[in-house]
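Let's walk through this structure together, starting with the overall picture and then moving to a few places where the details are worth a look. Keep the viewer open beside you as you read.

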Amino acid sequence: MPLTTVARGRVYDWSHAVGRGAASGTGFNYPQTMCLGKHGVAYVANRGNENNFGMRVNAVKIGGPGEEELLAEFFKWGEGEGRSTWPFGVAVDGQDHVYVSDEWHNTISVFDTSSKFIRKWGNAGSGDGELSHPAGLVCEKNGNVIVVDSGNNRLQVFTGDGKFVAKCGKAGSGDGEFNQPWGITLDQAGNIYVADWKNHRVQKLSPQGKFLMKIGEYGTIPAPVEAYAVTYMGPWISNSNSGTLGYPKAGLLNHPTDVAVDPDGDIYVSDWGNHRVCIFDSEGSPIASLIGDAEVMSKWGQQSIDANPDMMKARRRVRSLEPQFRFCFPTAVDFDPETDRIIVADGQRNRLQIYRKVRDYTDFQANL
């Protein structure tokens, strides 16, 4: 498979991978959500199953290939202030304060730039300002925090210290309605994008919560489409005349978990059930998809192999390492406008895969 994807005037280059599986330390444990802070720092909420010790948030400096660095671990499993049971969403405000939701306790905890606990707020319920299984978070420029109140199938807006401001949405499948929504992001104009998980779509809302557009519809991808997944967006469809499989139908999603928007308005969706990231233009038309291209191990992953001869021998016996290159249930996606990089949390692979949106791509002229 190519490491460069060219589609509709866009070019996406695979860059490198970051991370490995680890209950603690230099690695991830089933990353759930992710957001970017300043200067290439990613905050990753983990939902590991290592006797609960995998529950935490990692602050990781991404850097270039081989430059990843663990900066901090916080919101670890346990009782008391600054501890968690089921961490879920994570967001950063303009002062680099980090907000993390706890799905079990229905609270939002806040940490400073050095990962020190500041405060928490939130109560269980369905009334104004009450939460049920809070999921994704995003901070607005004015300091307010939008919470995906997943169990109540709505969004709620709070001040940074937890005072209720507004709400929108309800349970359902109509415009502006949700069914267990998950991830959330904002574009440069403040419009809201929500991964509507069980409705298999992304919804775009105005800054005031008015429905504007929906992106995607339900569809799954059988195995044969993987060879074409970089270009095409959906499963193979049957040709009724010949009974053969034709090109895949575009724009289909299977339990999308997160969404990001770049400065050009292109929309990136982590298509969890189809093991890919789907890219749409600003009007919701499909452009391309990325399926994971980690042919080179991450720094931390290679260190693990180098330190374990038996692991190295096992890898050399494998007929093909290609399945390892690919996404396996990607859970989160973000776009870094400082570097034009697309960062994907590769949930079951316990790593981040990073692509770059190339703006100055040129190719040599081959004269035949």
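Three helices and 29 strands make up the secondary structure of this protein. Keep in mind that the model you are viewing is predicted. The protein has 368 residues, and 55% of them count as buried. Its accessible surface comes to about 16300 Å², and carbon and sulfur atoms account for 48% of that area. If you look at contacts in the protein with a separation of 6 or more, 48% of them are between residues 24 or more positions apart.

Now turn to one of the sheets. Four strands form an open sheet in the order E15-E16-E17-E18, and their pairing is antiparallel. Which strands stand at the edges? They are E15, residues 184–186, and E18, residues 211–215. Each has a single partner strand, so one side of each is left without a neighbour in the sheet. On average, neighbouring strands of this sheet are turned by 20° against each other, with direction ignored. As a reminder, the strands of a sheet pair through backbone hydrogen bonds, either parallel or antiparallel.

Zoom in on the pair at one end. E15 and strand E16, residues 192–196, run antiparallel and are joined by three bridges. To find one of these spots, pick threonine 185, whose bridge partner in E16 is tyrosine 193.

Follow the chain onward from E16 and you come to histidine 200, in the loop between E16 and strand E17, residues 201–205. Phi of histidine 200 is near 55°, a positive value in a residue other than glycine. Is this residue, histidine 200, buried or exposed? With a relative accessibility of 12%, histidine 200 counts as buried, because the cut-off for that label is under 20%.

Tyrosine 30 also has a positive phi near 55°, again in a residue other than glycine. Look for tyrosine 30 in the loop between strand E2, residues 10–18, and strand E3, residues 31–36. The relative accessible area of tyrosine 30 is 29%, and this residue is partly exposed.

Finally, visit helix H1, which spans residues 299–306 and has Trp300, Gly301, Ser304 and Ile305 buried. Viewed down the axis of H1, these buried residues fall within an arc of 140°, so they line one face of the helix. What covers them? The cover for the buried residues of H1 includes strand E5 (55–61), strand E6 (69–74) and helix H2 (309–317).

Notes. Residues are numbered from 1 along each chain as its sequence is written. This is a predicted model: local features need pLDDT of at least 70, side-chain atom pairs count only at pLDDT 80 or more; totals for chains, interfaces and linings use all residues. Side-chain values use heavy atoms; hydrogens and water are left out. Two strands pair if DSSP finds at least two bridges between them. Helices (H or I, at least four residues) and strands (E, at least two) are DSSP runs, numbered from the N terminus. Axes are lines fitted to C-alpha atoms, for helices over the stretch in contact, and angles run from 0 to 180 degrees between N-to-C directions. Buried means under 20% relative accessible area, exposed over 50%, partly exposed in between (1.4 Å probe, protein chains only). The arc is that of the directions from the helix axis to the C-beta atoms. Contact means heavy atoms within 4.5 Å. Accessible areas come from the Shrake-Rupley method with a 1.4 Å probe; for residues, only the protein chains shown count as cover.
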